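Me: I have a structure to read and I am new to this. Can you take me through the features in turn?

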Amino acid sequence: MLLEIESIIEGESCGECDRSRCPAAPPGCPAGLVRDRCGCCEHCGNAEGQWCDFNSSQEFYGRCGDLLHCQKRPSQARFQWGDPEPRCVCESQGAVCGSDGQTYPNLCQLREASNQLGTTVNLTARGPCTPRISRAPRNSQSYTGHDIVFGCEVTAYPLPRVGWKKKGRDSFLPGDDPHISVQARGGPQPYTVSTWLQIHGLRKLDAGIYVCISHNALGEASASAHLSLFNFQTKQPLTTHYSVFSVRKNQKTLMEASTTKYNFFSIYFSTICSFYGFHSLQETYCFSQ
């Protein structure tokens, strides 16, 4: 937003400051208040992404607000005439957690939200507030005897504990099952943990829904994926154990159907289950009977 040029123009001397003649500063400035070129009157600072005066001796676009600095950007066009206008850039990059329990893209966005809401939102921690599934495991189809790998990435601060479960079982994998292995490491992004679930030599009983679970002191997040298996010799599906499919939310059945073999309905409802399993709220449940 361009600032209206009132009484100070480029090259004009400042003179003595008489703040009684300054206009009232508007309330709720997103980027806080800054003083004019002469350091006298206060007005709203420019927010992140807005144009700004790179040269402090002039006042045309205005000055950047709290925690921001004016930065020139390199020209993207090879034959562009003139230089791109400088913009306000946050001095601190990276997601942060606010005292309101919300995650903000950076510290400047947190400060803007605090100013606009008229409340005090303090920095609780650097990084997202609660665990967030940044890459969910994907549904997969395979044959008996083959190997399969599910991947999952979780972003959180403090760094979360991650693990895997199979729907219908209480214990975490791999347990004492020698043909299942779980690995985890930090990265590839800051405040991120990557984990993999590998099943060697798939068997009929391995078909089902696998859940990536993450939690730290601030919360929990989960995402699931469905594994469908086919007989390696006959190429026929093996997931005939599904008989009744239900999709429930808040103890209310949203969808339900019966099937005695792996057909269109079982494929449809297993897909719906997977969708609700990791795209909806935690009170959403999918299961088969």
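This is a predicted model: local features need pLDDT of at least 70, side-chain atom pairs count only at pLDDT 80 or more; totals for chains, interfaces and linings use all residues.

Me: Which residue forms a salt bridge with R135?
Reply: Start with the general idea. Side chains of opposite charge can pair when their charged atoms come close. The rule for a salt bridge is a side-chain nitrogen of Lys or Arg within 4 Å of a carboxyl oxygen of Asp or Glu. Here the partner of R135 is E153, with the closest N and O atoms 3.4 Å apart. R135 lies in strand β8 (residues 132-135) and E153 in strand β10 (residues 148-155), so the pair ties together parts that are 18 residues apart in sequence. Strands (E, at least two residues) and helices (H or I, at least four) are DSSP runs, numbered from the N terminus.

Me: Is E153 buried or exposed?
Reply: E153 is buried, with a relative accessible area of 16%.

Me: How many salt bridges are there by this rule?
Reply: The count comes to 5. One of them joins D66 and R111, at 3.5 Å from N to O. D66 sits in the loop between β2 (42-44) and β3 (68-71), and R111 in helix α1 (residues 107-117), so this pair ties together parts 45 residues apart in sequence. D66 is partly exposed at 31% relative accessibility. R111 is partly exposed too, with a relative accessible area of 32%.

Me: What does E42 pair with?
Reply: E42 forms a salt bridge with R35, and the closest N and O atoms are 3.8 Å apart. E42 is partly exposed at 34%. R35 is partly exposed at 32%.

Me: Which residues are linked in a network of salt bridges?
Reply: D177, R203 and D206 are linked that way.

Me: Now the strands. In what order do the 3 strands of the open sheet come?
Reply: The order is β6-β5-β7, with antiparallel pairing. Two strands pair if DSSP finds at least two bridges between them. The edge strands are β6 (103-106) and β7 (123-126), each pairing on one side only. The twist averages 35° from one strand to the next. Axes are lines fitted to C-alpha atoms, for helices over the stretch in contact, and angles run from 0 to 180 degrees between N-to-C directions.

Me: What lies across β5, β6 and β7?
Reply: Helix α1 does, running at about 125° to β6. Contact means heavy atoms within 4.5 Å.

Me: How many bridges join β14 to strand β15?
Reply: There are 9, and the two strands run antiparallel. β14 and β15 form a hairpin with 2 residues between them. I209 stands opposite H226 in β15. Strand β11 (residues 161-166) also joins β14, through 6 antiparallel bridges. There, V162 stands opposite S214 in β14.

Me: How many residues of strand β14 are buried?
Reply: Strand β14 (residues 208-216) is mostly covered, with 8 of its 9 residues buried.

How values were computed:
Residues are numbered from 1 along each chain as its sequence is written. Side-chain values use heavy atoms; hydrogens and water are left out. Buried means under 20% relative accessible area, exposed over 50%, partly exposed in between (1.4 Å probe, protein chains only).
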